[in-house]
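Subject: Structure for you to look at

Hello,

Here is the structure I promised to hand over. Please open it first, then read my notes below.

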Amino acid sequence: IADTACPFDDARQRYRNPMGPTGLIGRGLLGKWGPNHAADVMVTRRNTATNQYEVLLVVKHVGDSTSCLAYPAGMVEPGATVHDTLREELTQEAVHKDATVDQLFATCARGIVYRGHVDDHRNTDEAWMETTAFHFHCSEKIGSKLPLKAGDDAGQVRWLDVSMASEIYRNLYGAHRALI
């Protein structure tokens with residue numbers, strides 16, 4: 001980490017959140033000091049029946065009694081790649097692992113749409129979230145064949161219209177709506 005990107009606090013011997021103070025010290029709910037790297041899987045399709053673009057979302061529990069809609073996402077573990085994490089999180093949280101998932105990763109238009117710091121309720125002055133958001137736009141055929149299944153830390157999975165007219169869409173978790 002370069003000193004210009006993340007200021008170093010000599011007194012505490014820790015890098016500081018590059019976005020400035022949060023008012024919280026320590027690691028908080030994050031696993032390590034400094035940047036905590038995550039991967040977000042954005043899957044979209046065009047629903048030809050409604051002529052709307054849709055995004056694949058899961059219900060995530062973010063507190064004792066709070067839940068919200070978000071992309072399948074997770075932490076990039078030491079030794080893992082972002083690509084490995086994208087596939088793992090998608091199959092753990094949203095779809096059964098089958099040949100359709102392989103087709104999604106092999107044939108759909110895809111690319112990184114964002115990489116960097118994200119506003120997250122777990123961020124502190126000394127530990128913060130950084131993500132790589134990867135977008136897969138699939139054909140209606142592949143999108144309709146994806147076997148949706150809520151996984152281990154997701155309560156529900158669904159397609160949602162990408163529309164500011166939808167209050168649900170306007171209130172996606174954290175910075176997820178802005179990534180679309």
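**Glu-54 and its surroundings**

Leaving aside neighbours within four places in sequence, Glu-54 is in contact (heavy atoms within 4.5 Å) with Val-43, Thr-44, Arg-45, Asn-47, Trp-159, Leu-160, Asp-161 and Val-162. Before going on, note that this is a predicted model: local features need pLDDT of at least 70, side-chain atom pairs count only at pLDDT 80 or more, and totals for chains, interfaces and linings use all residues. Residues are numbered from 1 along each chain as its sequence is written, and side-chain values use heavy atoms, with hydrogens and water left out.

Glu-54 sits in strand β4, residues 52–61. Strands (E, at least two residues) and helices (H or I, at least four) are DSSP runs, numbered from the N terminus. Is Glu-54 buried or exposed? Glu-54 is buried, because its relative accessible area is 7%. The scale is this: buried is under 20% relative accessible area, exposed is over 50%, and partly exposed is in between (1.4 Å probe, protein chains only).

The Glu-54 side chain makes polar contacts with two side chains: Arg-45 at 2.6 Å and Asn-47 at 3.1 Å. A polar contact is a pair of N or O atoms within 3.5 Å; within protein, one must be able to donate a hydrogen and the other to accept it, and residues adjacent in sequence count only if both atoms are side-chain atoms.

**Asn-17**

Asn-17 lies in the loop between β2 (14–15) and β3 (34–47). Asn-17 counts as buried because its relative accessibility is 5%. Its side chain makes a polar contact with the side chain of His-117, at 3.1 Å. Beyond four places in sequence, the contacts of Asn-17 include Thr-22, Asn-123 and Trp-128.

**Strand β8**

β3 pairs with β8 in the parallel sense, over 12 bridges. Pairing needs at least two bridges found by DSSP. Pro-35 stands opposite Trp-128 in β8. Strand β7 (residues 109–117) runs antiparallel to β8, joined by 8 bridges. There, Arg-115 stands opposite Thr-132.

**Two helices**

Which residues of α1 meet α2? They are His-83, Leu-86, Arg-87, Leu-90 and Thr-91. On the α2 side are Val-101, Asp-102, Leu-104 and Phe-105. Helix α1 spans residues 82–93 and helix α2 residues 99–107. They pack at an angle of about 145°, with axes 12 Å apart. Axes are lines fitted to C-alpha atoms, for helices over the stretch in contact, and angles run from 0 to 180 degrees between N-to-C directions.

Best wishes
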